[in-house]
Amino acid sequence: MAGIESIIELIEWLIIATLVIIPAWRILRKAGFVPALSLVLIVPILGWFCVTIVLAFVQWSTLMRRTHADIASTFE
């Protein structure tokens, strides 16, 4: 019975990891970062901390290519 419980836990973990990693992959790609950085989220606490720091404090390359008018037009 312990084998079945561990398989169920593994499946639950994979589902949760997929629900977190796929959106993070898309966010990082659109922000101009390497999308594989989202795989760091597999590490429980440190991964979330690292990705959050990168998204919050590193300058996004996609925003550097846009003009101020383009950015302002997205808020209208």
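The secondary structure of the chain comprises four helices and zero strands. Helices (H or I, at least four residues) and strands (E, at least two) are DSSP runs, numbered from the N terminus. Along the sequence, the pattern reads α-α-α-α. The model is predicted: local features need pLDDT of at least 70, side-chain atom pairs count only at pLDDT 80 or more, and totals for chains, interfaces and linings use all residues. Residues are numbered from 1 along each chain as its sequence is written, and side-chain values use heavy atoms, with hydrogens and water left out.

Confidence was examined next. The predictor's confidence in each residue is given as pLDDT, from 0 to 100. The chain has a mean pLDDT of 83, and 86% of its residues reach 70 or more. Among the elements of the chain, helix 2 (residues 44-57) has the highest mean pLDDT, 88. The lowest, 68, belongs to helix 4 (residues 68-73). Where pLDDT is low, the predicted coordinates should not be read in detail.

Helix 1 covers residues 2-31. Just after helix 1, Gly 32 takes a positive phi of about 95°.

Buried residues make up 14% of the 76 residues in the chain. In helix 1, the buried residues include Ala 17, Ile 21, Ala 24, Leu 28 and Ala 31. Ser 38 lies in the loop between helix 1 and helix 2. Ser 38 counts as buried because its relative accessibility is 0%. Contact means heavy atoms within 4.5 Å. Leaving aside neighbours within four places in sequence, Ser 38 contacts Ile 21, Ala 24, Trp 25 and Leu 28. Among contacts in the chain between residues at least 6 apart in sequence, 34% join residues at least 24 apart.

The accessible surface of the chain comes to about 6,100 Å², of which 74% belongs to carbon and sulfur atoms. Accessible areas come from the Shrake-Rupley method with a 1.4 Å probe; for residues, only the protein chains shown count as cover. Leu 14, in helix 1, counts as partly exposed because its relative accessibility is 42%.

Note on methods
Buried means under 20% relative accessible area, exposed over 50%, partly exposed in between (1.4 Å probe, protein chains only).
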